[in-house]
Amino acid sequence: MNQLKIAVAGASGRMGRMLIEAVQNADDAILSGALDMAGAAGLGSDAAAFTGKPGGVLVESDLAKGLADAHYLIDFTRPDATLKHLEYCAAHGIKMIIGTTGFDQSGKDAIAAAARKTAIVFAPNMSVGVNVTMKLLEMAAKSFSEGYDIEIIEAHHRHKVDAPSGTALKMGEVIAGALGRNLDDVAVYAREGVTGERDPSSIGFATIRGGDIVGDHTVLFAGIGERIEISHKSASRVTYAHGSLRAARFLADKTTGLYDMQDVLGLRS
Ligand SMILES: NC(=O)C1=CN([C@@H]2O[C@H](COP(=O)(O)OP(=O)(O)OC[C@H]3O[C@@H](n4cnc5c(N)ncnc54)[C@H](OP(=O)(O)O)[C@@H]3O)[C@@H](O)[C@H]2O)C=CC1
Ligand SMILES: O=C(O)C1=N[C@H](C(=O)O)C[C@H](O)C1
């Protein structure tokens with residue numbers, strides 16, 4: 001069997017470790033590289049040592065060394081790191097699965113441009129459940145287009161650095177798209193003081209950060225006399241890791257192009 005040769009960026013991170021374990025446990029994949037930032041404590045050590053099954057792949061900060069044997073890079077880091085990795089991967093034909101969130105428009109444009117040189121799956125949430133939830137939201141938004149106020153509430157662990165979450169923003173885009181609105185025009189990210197009455201076309205966001213919450217997202221459609229809530233709650237990061245492996249398998253026969261998990265899961269309508 002042709003194994004997927006996968007490198008993992010952010011090897012010491014919450015997702016990096018989960019991904020290394022998932023690659024190690026997959027029959028059709030082999031850990032072929034591991035990256036972390038210059039100065040990180042684990043540099044030079046075995047990337048899989050924490051699993052109890054070291055495999056001889058060392059954590060590198062030098063991209064040429066860390067990616068020498070890789071055909072895929074799974075990247076859950078920070079936007080500045082991902083954009084550095086992107087440049088290298090595009091130049092060397094290494095396919096990317098990007099889970100990092102918090103990109104500005106120029107970062108997103110850079111990813112789209114790199115996808116003309118290599119194949120990329122870019123999604124703020126790799127779990128099957130969240131991506132099916134996106135479809136439910138599209139349907140619900142069309143049905144609740146009049147008379148229902150839409151609010152997106154997300155909760156994550158205390159270490160998360162970006163807000164709202166990439167998933168919440170994507171949910172907002174999906175709902176706005178279904179309603180023929182532009183999220184930039186209708187999003188309300190914070191309320192304080194005398195805000196005035198709610199604009200019925202707005203989509204509100206509320207962010208909670210605390211403890212070890214893996215990732216909860218709820219979309220509230222609040223009407224007169226009834227409320228509908230569509231929620232997804234993650235109890236483990238393993239779903240993101242398994243989704244990333246599905247994304248790598250999806251890219252196996254692609255050489256270029258930008259895809260997301262709706263493509264990977266066959267959910268695009
Ligand atoms: N798409 C999805 O399904 C999911 C997306 N995410 C997203 O993935 C990202 C990472 O999340 P998480 O694993 O919790 O975060 P962590 O902070 O635990 O891990 C981030 C990793 O990236 C490394 N890193 C940070 N900056 C750089 C840099 N400049 N160069 C190289 N490496 C760098 C960190 O190194 P160090 O520790 O040394 O700082 C660390 O190893 C976030 O954007 C998060 O929103 C998370 C879960 C699911
Ligand atoms: O930082 C996290 O943890 C997560 N980030 C992603 C996001 O910003 O949507 C996905 C998931 O919710 C976990």
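Helices (H or I, at least four residues) and strands (E, at least two) are DSSP runs, numbered from the N terminus. With that noted, I looked up the secondary structure and found nine helices and 12 strands in the protein chain.

**Ground rules**

I am working with a predicted model, in which local features need pLDDT of at least 70, side-chain atom pairs count only at pLDDT 80 or more, and totals for chains, interfaces and linings use all residues. Residues are numbered from 1 along each chain as its sequence is written, while chains are lettered from A and ligands numbered from 1 in the order in which they are written.

**Confidence**

I checked pLDDT, the predictor's confidence in each residue, from 0 to 100. The protein chain has a mean of 97, and 100% of its residues reach 70 or more. I also noted an ipTM of 0.98 and a pTM of 0.98.

**Overall form**

The C-alpha trace spans about 60 × 35 × 30 Å along its principal axes.

For burial, I count a residue as buried if 20 or more other C-beta atoms lie within 10 Å of its own, exposed if 12 or fewer, and partly exposed in between, with C-beta atoms placed from the backbone. On that count, 39% of the 269 residues are buried.

**Domains**

I took the domain bounds from an automatic or database domain assignment. Domain 1 covers 4-122 + 237-264, and domain 2 covers 128-234. Their centres, taken over C-alpha atoms, are 29 Å apart. Two residues are in contact if their C-beta atoms, placed from the backbone, lie within 7 Å. Seven residues from domain 1 and eight residues from domain 2 make up the contact. On the domain 1 side, helix H8 (238-251) and helix H9 (261-264) each supply at least two residues.

**Ligands**

I call a residue near a molecule or strand if its C-beta atom, placed from the backbone, lies within 6 Å of it. Which residues are closest to ligand 1? They are Gly 10, Gly 13, Met 37, Ala 81 and Gly 99, out of 24 residues that surround ligand 1. Helix H1 (14-25) and helix H3 (79-92) are the elements that give two or more residues to this shell, and H1 gives the most, with three residues.

For classes, Ala, Val, Leu, Ile, Met, Phe, Trp, Tyr, Cys and Pro count as nonpolar, Asp, Glu, Lys and Arg as charged, and the others, Gly among them, as polar. The shell around ligand 1 has nine nonpolar, 11 polar and four charged residues.

Next I went to ligand 2, where the surrounding residues include Thr 101, His 156, Lys 160 and Ser 165. By class, this shell has one nonpolar, seven polar and one charged residues.

**Two residues I stopped at**

The peptide bond from Ala 163 to Pro 164 is cis, with omega near -15°. Pro 164 is in the loop between strand E7 (149-156) and helix H6 (166-178).

Leaving aside neighbours within four places in sequence, the contacts of Phe 221 include Ala 140, Phe 144 and Ile 228. Phe 144 is 77 residues from Phe 221 in sequence, yet 7.3 Å away in space, C-alpha to C-alpha.
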